[in-house]
Amino acid sequence: MDALLTKTEHKKISPEKSGEKISGSEILLRCLIEEGVDTIFGYPGGAIMPVYDALYDYADRLNHILVRHEQGSIHAAQGFARASGKTGVALATSGPGALNLITGLGDALIDSTPVVCITGQVFAHLLGTDAFQEMDVVNTTIPVTKWNAQVTEAKDIASVISKAFYIAKTGRPGPVLVDITKNAQNEIHEFTGYKKCEGIRTYKPKPVLPLTEIESAAALINSATKPYILAGQGVILSAATDELIAFSEKTGIPVACTLLGLGAFPTDHPNYVGLLGMHGNYAPNVLTNECDVLIAIGMRFDDRVTGNVSKYAQQANVIHIDIDLAEINKIIQSNVPIHADAKEALQALIQLCKPNTHNEWIEKFNSLKKIELEKIVHKEFNPIGKLMMGEVVNRLSALTNGNAIIVTDVGQHQMITSRYFGYKNPRTNITSGGAGTMGFALPAAMGAKMAMPDQPVIAVMGDGGFQMTIQELGTIMQSKIAVKMIVLNNNFLGMVRQWQELFHNKRYSFTEMHNPDFIKIAEAYSIRAKKISERNELDEAIQEMLNAKDAYFLEVVVGKEDNVFPMVPAGAGVSEIILEAPTKKK
């Protein structure tokens with residue numbers, strides 16, 4: 001009889017009711033609801049089918065988004081997490097379905113994104129027999145997860161899920177995977193309620209604030225003449241943006257942001273001095289090697305920030321604040337290591353540090369900024385000839401007033417957007433940092449929009465990265481996700497082409513792309529689309545995109561051989577950053 005009922009008429013069981021015997025699959029869904037989950041990104045298959053069958057009765061409480069590829073599901077979960085601060089959830093079947101999550105797991109691990117992935121697995125008695133679609137998902141994903149586990153009995157589902165969410169979100173966040181065998185999904189077990197995990201004996205995610213080190217740091221800061229703050233994503237993850245602003249304003253210390261730290265400090269603040277890194281701003285890179293106290297907060301001294309480590313900030317006393325002890329002294333030796341939550345550390349430093357100003361020091365940043373404006377920025381915002389990526393992003397920033405969630409893919413457009421979009425708020429910059437995952441932006445933007453439906457979400461992509469997950473246009477169509485998409489099309493794998501031009505004598509080996517008609521493809525998915533190539537069309541096209549109530553795709557044809565400068569060449573120190581292509585010796 002039940003088979004004849006419509007979906008809305010199907011039986012609904014209260015998740016608050018406990019002590020009843022239900023399937024492992026339903027236990028899983030009730031656990032997710034108790035964790036506050038309302039959106040899941042997934043793709044069904046044989047080994048996860050019992051969970052999908054149970055989902056049929058929970059459609060009013062769990063919004064399942066059917067992606068077009070499992071990689072899309074985890075990137076969408078990442079975007080959801082990064083935009084909302086919650087834990088993203090992805091669902092996949094066994095075998096190739098589970099393995100398709102690995103790219104996103106690695107991306108989430110290095111970028112500290114809390115996601116819980118739940119995968120189906122073959123029956124427990126078939127484990128190790130090379131059964132159809134059996135893969136050793138647990139051992140395969142150990143290197144790319146913060147924690148993982150396999151569940152073979154229904155009685156263990158609730159406790160493992162509670163532990164999974166606790167580990168994913170606490171301390172330095174990261175991805176967790178739970179692999180559940182099919183028999184555990186089918187088994188009937190008494191559900192006596194869900195208890196959230198509040199601690200694990202061998203896992204201490206939040207360190208005790210080291211007051212002695214805080215006092216030492218404050219003493220260094222109070223005596224500094226050229227102090228300098230490097231703000232990373234840890235400031236955003238610990239919700240310490242207000243504390244960072246207060247600390248900088250009280251002490252007068254200039255602030256630069258890492259790629260993932262963009263949004264931790266408003267770009268229109270007078271103490272903001274720019275973006276760090278290989279394609280960051282000129283002043284913050286050069287003056288890293290002139291500061292006397294370097295205060296690194298929630299950042300890990302990635303090689304794209306440091307350049308040649310032997311030439312990095314050798315003159316400075318380094319204060320390194322990080323919640324992950326493994327990051328302290330891993331790359332740059334610190335004079336004052338502070339193993340702490342960024343918010344707590346900043347609150348303590350605000351109390352101990354004296355009011356100060358460093359106007360002359362900040363003016364030095366401003367003078368170098370003028371050089372960059374003259375040699376690079378002005379030309380990119382007012383080019384002669386074809387449209388340039390810089391002017392497109394500049395107009396996007398102006399027309400949104402910086403009030404949008406920007407999701408970038410990987411490549412030249414990513415660096416240009418990071419340089420020129422005026423981020424004002426935390427969790428408005430979503431990109432693949434450590435892994436540099438092409439194809440990240442489109443599904444991550446879907447997830448961000450699902451998390452923040454009332455905010456404009458704009459995916460900025462290159463023609464290469466867009467085509468890596470282009471199938472997710474189907475998800476946007478089916479789920480009516482009102483995400484905006486801009487493809488900056490130069491018919492090249494632009495960043496690789498730039499390196500080939502500068503360091504490989506313009507030997508453009510397999511980087512030129514013959515692209516399809518993106519407009520026809522978008523329209524085939526019932527997505528409104530437009531293509532422009534002229535400067536006088538730009539503002540109107542961007543505004544039309546922003547005004548659209550539904551999904552919108554905008555293709556902007558840009559110069560084929562645009563390069564991103566400044567640039568720290570491979571092997572160079574940060575103060576050796578170049579403003580233009582090196583002159584070839586004859």
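On a 1 Å grid over the protein atoms alone, a pocket is an open set of points with protein on both sides within 12 Å along at least five of seven lines, whereas a cavity is a set of points where a 1.4 Å probe fits but cannot get out; lining residues have an atom within 4 Å of a point. Grid points are joined across faces, edges and corners, and a volume is the space filled by probe spheres set on the points. The model is predicted: local features need pLDDT of at least 70, side-chain atom pairs count only at pLDDT 80 or more, and totals for chains, interfaces and linings use all residues. Residues are numbered from 1 along each chain as its sequence is written, and side-chain values use heavy atoms, with hydrogens and water left out.

**View 1. The second largest pocket has a volume of about 580 Å³.** Its lining comprises 27 residues, and Thr267, Tyr272, Asn281, Lys369 and Arg419 lie nearest the centre. Two or more lining residues come from each of strand E11 (272-275), helix H12 (282-286), helix H15 (359-381), helix H16 (389-400) and helix H17 (412-420). Helices (H or I, at least four residues) and strands (E, at least two) are DSSP runs, numbered from the N terminus. H15 gives the most to this lining, with seven residues. By class, the lining of the second largest pocket holds 14 nonpolar, nine polar and four charged residues. Here Ala, Val, Leu, Ile, Met, Phe, Trp, Tyr, Cys and Pro count as nonpolar, Asp, Glu, Lys and Arg as charged, and the others, Gly among them, as polar.

**View 2. Helix H17 is mostly covered, with nine of its nine residues buried.** Buried means under 20% relative accessible area, exposed over 50%, and partly exposed in between (1.4 Å probe, protein chains only). Among the buried residues of H17 are His413, Met415, Ile416, Arg419 and Tyr420.

**View 3. The largest nonpolar core has 100 residues.** A nonpolar core is a set of buried Ala, Val, Leu, Ile, Met, Phe, Trp, Tyr and Cys residues joined through side-chain atoms within 4.5 Å. Tyr228, Leu244, Phe247, Leu294 and Ile319 touch the most other members. Helix H14 (residues 342-352) supplies the largest share of this core, six residues. A second, separate core of 48 residues includes Phe80, Leu177, Ala444 and Ala459. Leaving aside neighbours within four places in sequence, Phe247 is in contact (heavy atoms within 4.5 Å) with Ile221, Ile229, Ile253, Ile295, Leu346, Leu349, Ile350 and Cys353.

**View 4. Six strands form an open sheet with parallel pairing, in the order E16-E15-E17-E18-E20-E19.** Its edge strands, strand E16 (429-430) and strand E19 (528-532), each pair on one side only. Two strands pair if DSSP finds at least two bridges between them. Strand E18 (residues 484-489) and strand E20 (residues 552-557) pair in the parallel sense over six bridges. Leu488 stands opposite Val556 in E20.

**View 5. The structure holds two cavities of 30 Å³ or more.** The largest cavity contains about 70 Å³ of space. Arg82, Gln233, Ile236, Leu237, Leu260, Arg427, Asn429 and Ile430 line the largest cavity. Helix H10 (233-237) and E16 each give two or more residues to this lining, and H10 provides the largest share, three residues. The second largest cavity contains about 40 Å³ of space. Ala81, Gly85, Pro114, Lys169, Pro173, Leu237 and Arg427 line the second largest cavity; by class they are four nonpolar, one polar and two charged residues.
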